[in-house]
Amino acid sequence: MAGDRPAQAVILAGGQGTRLRPLTLARAKPVVPLLNRPLLAYQLALLREHGVTDVVLACSYRVDDIRAALGDAGHLGMKLRYAVEKEPLGTGGGVKNAADLVSGTLFVLNGDILTDADLTAMRRYHTERGSRTTIFLQPVDDPRQYGLVETDATGRLGRFREKPTADAEITTDTVNAGIYLIETALLGRIPADRPSSIEREFFPALIADGVPSYGWCAPAYWRDIGNPGAYREAQMDLLAGRARMLLPPPGQGDQGSWVGAGGTAARDARVVPPAVVGQRVALHPRCQVGPAAVIGDGSTIGPDARVEGAVLWERVEVGSGAVLHECVIGADVKIGAHARVGSGVVLESGAVIPERTTLTR
Ligand code: GTP
């Protein structure tokens, strides 16, 4: 590999995100908002930080959402192109479908992870080992929902086990963290005309054929934003400083609070940090936003209402005296006066909650 040549990246952004429903019924997973910015903006910022500015998005589902949120990413200092699948081609076919746009050593990222992994160090490791494909590995407490990856003492990849169920199959705590370096010459091994899986087909075949393939395991913040709980937690991590903010939230920052332009706030409305309040938000008398709250653009927080540990998308109306605690609220939701929405509740975009209702998980 030419170690000094800028690498390119393909981001896999074509999944339907079924585990993140109902949020993904209204918006594609790669662009669900994290602190009021699309998830992929954080990946683009990470790539840019490591000198990768030429990125292809492998898409097939709700492509218009993704284009609307990111465009060509020129405003982020990136060159962003789209490789759109007619039918979903899976994680292998998605990369294959982008193959004509890339060359050399390629980063491939799952479009649903938030991480600050040191991609420069990963690339160095790949080059030093003479690796042809390198997988970012992370240790996790409960590996059952992930793909397990075994390595030998030199880091060379051994067996793959996708989502093991029996305890005897849990032979390691390191899982596939969804970032790969792949020499593009290897993409010829992926079939062009049918869906395929990079995890279940491409990597196991490379290992079986003795192609030098390594696992790179380094400390980093890493979270798979696959389900609503992880989606909310990732934002709590950013607000609490457990995850590095690769991008500051939009708005004017002041000691852990960010407030967008064009809003109104009653004199006795309180924003308790950490908190992110979008543009054109109305904060009515005595309401409290935060700690740990994210309010989407155009939302209204009624008198005496409280929002804590919660994430609200755009144009949410919170009635007077309502209490929202550790929940996720989709766009255009109306929460009636004195309603209570509790921990772990996720409301689909457009939902209407009558006044004095209590919702728990
Ligand atoms: P679930 O339905 O909840 O499992 O989510 P998902 O559809 O996103 O699947 P998964 O989390 O396994 O996908 C891992 C990554 O691959 C995500 O970034 C997906 O967007 C992406 N992906 C999954 N299937 C496809 C596909 O058919 N084409 C492309 N281009 N990307 C895909």
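Start at Gly 210. This glycine follows helix H6, and its phi is positive, near 75°. Keep in mind that we are looking at a predicted model.

Now H6 itself. The helix runs over residues 198-208. Which of its residues are buried? Ile 198, Glu 199, Phe 202, Phe 203 and Leu 206. They cover an arc of only 110° around the axis, so they sit on the same side of H6.

Step back to the whole chain. The secondary structure comes to seven helices and 32 strands. Buried residues make up 54% of the 361. Take contacts between residues at least 6 apart in sequence: 53% of them join residues at least 24 apart.

Next, overall dimensions. The C-alpha trace spans about 65 × 45 × 40 Å along its principal axes. Why call the radius of gyration consistent with a compact globule? Because a compact globule of 361 residues would come out near 21 Å, and this chain has 22 Å, which agrees.

Last, surface and charge. The chain exposes about 15,100 Å². Carbon and sulfur atoms supply 47% of that area. On charge, there are 39 positive and 40 negative side chains. The centres of the two sets lie 2 Å apart.

Terms used
Residues numbered from 1 in each chain as written. Predicted model: local features only at pLDDT ≥ 70, side-chain atom pairs only at ≥ 80, totals over all residues. Heavy atoms only, no water. Buried < 20%, exposed > 50% of the residue type's maximum accessible area, 1.4 Å probe, protein only. Helix = DSSP H or I, 4+ residues; strand = E, 2+ residues; numbered from the N terminus. Arc of directions from axis to C-beta. Rg over C-alpha atoms; globule rule 2.2 N^0.38 Å. Contact = heavy atoms within 4.5 Å. Areas by Shrake-Rupley, 256 points an atom, 1.4 Å probe, with all protein chains shown as cover. Lys, Arg positive; Asp, Glu negative; His and termini not counted. Charge placed at Lys NZ, Arg CZ, Asp CG, Glu CD.
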